[in-house]
Amino acid sequence: MLFLSILIGNCLAKLNLTIGIDINNKESLAYLGRLEQHYEQFEKKGLSLNILNHILPCYTCKQRHNYTQPEQNCFGGGRYCQFSTYANGQLLLTEILRQNCLFTYETQLFLSYLNLFQQDCFENPHYTFCSENILNKLLNINTTKVNECINASFQGQGDQALLENNLLAKEMDKQYNQSQLSVYLDNKDISDQTFPEMIVQLCQKLKDDPPEYCNIFSLLEKNTTIKLDDYIYFALFIVLLILLILISIRVLRRANNVIQDKQSIPVEETIGIISGVNVQ
């Protein structure tokens, strides 16, 4: 499988991170978007980032019309498809192409865009407008060049619903068939780990020459541990203090009851007891 060959081929990189996403899976988009604030430092230390996109084929289109008829949710007559409840497949595929173009142009820009996209545009009925609004107004990117990249990826002229697409074909060749997040660090599957745990592993891999963030992260982790110990000691102190107060209140109540019992003895009986002693 080409997917495996990508993982194996990147072994020569100093540090290889491969993330598989699905345009319909917000968790995978959000995970990748979080990398925005860390990527530049790790890239300088040798991190290579690879993205895999989940794209579906139309399993019956070849048999029905040999990819010669347009399909609402597909490009290439059914060669590349996507489906969702909030946008047709062609819009989703166009978005995958848009992200692919941004990734090729500048990875850091792609991560910034994706971070905003997954927050503002996911399941947005005004899909294309939302996307272009991020590029134009928030990232100050000329969408004309992005659109030119998208259009140039189609082979030939005519109805794009029927045209083959170079970028989508490459994604299909990777044979990534997961509809949820997948993460591989140097060929090791770490999909079950949280994002912070993945960052810790990156830092450990670069322990001989870590980026500045790893030093800060390590310091924060130590401070968090110290603070946690302080909180534990403080909590124990409060518990002991409360117990001491409760015991003191109980003792005082008992002492007060004894005093009240003594005060309740009639004065005449007291006098009589004293007089009897004096008579003897």
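With a torsion of -85° about the S-S bond, the link of C203 and C214 is left-handed. C203 lies in helix 10 (residues 195–205) and C214 in helix 11 (residues 212–263), so the pair ties together parts that are 11 residues apart in sequence. Helices here are DSSP runs of H or I with at least four residues, numbered from the N terminus.

A word on the background: this is a predicted model, in which local features need pLDDT of at least 70 and side-chain atom pairs count only at pLDDT 80 or more, while totals for chains, interfaces and linings use all residues. Residues are numbered from 1 along each chain as its sequence is written, and side-chain values use heavy atoms, with hydrogens and water left out.

A disulfide is a pair of cysteine sulfur atoms within 2.5 Å. By this rule the protein has five disulfides, and among them are these:

| Disulfide | S to S distance |
|---|---|
| C58 and C61 | 2.0 Å |
| C121 and C130 | 2.0 Å |
| C203 and C214 | 2.2 Å |

Which cysteines pair up along the chain? Counting bonded cysteines in order, the pattern is 1-2, 3-4, 5-8, 6-7, 9-10.

The torsion about the S-S bond of C58 and C61 is about 85°, so this disulfide is right-handed. For C121 and C130 the value is -85°, and the link is left-handed.

Are these cysteines buried or exposed? Both C121 and C130 are buried, where buried means under 20% relative accessible area, exposed over 50% and partly exposed in between (1.4 Å probe, protein chains only). C58 is buried at 14%, and C61 is buried at 0%. C203 is buried too, at 12%, as is C214 at 6%.

How values were computed:
Helix = DSSP H or I, 4+ residues; strand = E, 2+ residues; numbered from the N terminus.
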